[in-house]
Amino acid sequence: MPTFDRELMTIDKVSRAHDIGNRQTLTEKSPDLVEGYWADSAHSDLPSPTSHSSFWDGKLAWLRQLVIVEFKIYPHGQHNPQKNVSADGVSEYCYFTYGDSSQCRICKQKNGKSEYQIKIGGAWYRWPDGLRHYFDAHNVIPSKQFYDLINSLSGNLNW
Ligand SMILES: [Zn+2]
């Protein structure tokens, strides 16, 4: 179990796709909860990722759960909205692709230009597809809420 030091952020602190060059207007569905949007020159109020030299406890097992969740959402792009509602009609999810790539704040490589979105209990949770790189390559620790969210989603795939 990692030692968490951040909170999941809400939409009032980060607009949709602030750092991946979004040129499309989305319908706001407040409140959104977001993970993995980091500070840059235009958004200094956002957190910065903290790299660690070694794995945190349970990292690889948790990353497998994240991959399971992302691969379930991945086929449901913004161009197939009719497929985005789960069989029980409770959950909605979407893989949304934007215009420009993000850049890793730590190693500066290009790092994704899409976003995973899932609606649970009336709230949308969103995270960029480049977020996994921070956990994988730099041992960044997720927020406790995001850590728990992924465990919950991967533990019950009836959504
Ligand atoms: Zn990196």
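Colleague: So two strands pair if DSSP finds at least two bridges between them. What order do the strands of the open sheet have?

Modeller: This is a predicted model. The sheet is open, with five strands in the order 1-2-5-4-3 and mixed pairing.

Colleague: Which are the edge strands?

Modeller: Strand 1 (9-10) and strand 3 (92-97), each of which pairs on one side only.

Colleague: Do strands 2 and 5 run parallel or antiparallel, and how many bridges join them?

Modeller: Parallel, with three bridges between strand 2 (residues 32-34) and strand 5 (residues 123-128).

Colleague: Which residues of strand 5 stand opposite Asp32 and Val34?

Modeller: Trp124 is opposite Asp32, and Arg126 is opposite Val34.

Colleague: What about strand 4 and strand 5, parallel or antiparallel?

Modeller: Antiparallel, with six bridges joining strand 4 (residues 114-120) to strand 5. Tyr116, for instance, has Trp127 in strand 5 as its bridge partner.

Colleague: What holds paired strands together in general?

Modeller: Backbone hydrogen bonds, in parallel and antiparallel pairs.

Colleague: Back to the hairpin of strand 4 and strand 5. How many residues lie between the strands, and what phi does Gly121 take?

Modeller: There are two residues between the strands, and Gly121 has a positive phi near 55°.

Colleague: Changing topic: how many residues of strand 5 are buried?

Modeller: Five of its six, so strand 5 is mostly covered; buried means 20 or more other C-beta atoms within 10 Å of a residue's own.

Technical notes:
Residues are numbered from 1 along each chain as its sequence is written. This is a predicted model: local features need pLDDT of at least 70, side-chain atom pairs count only at pLDDT 80 or more; totals for chains, interfaces and linings use all residues. Helices (H or I, at least four residues) and strands (E, at least two) are DSSP runs, numbered from the N terminus. A residue is buried if 20 or more other C-beta atoms lie within 10 Å of its own, exposed if 12 or fewer, and partly exposed in between; C-beta atoms are placed from the backbone.
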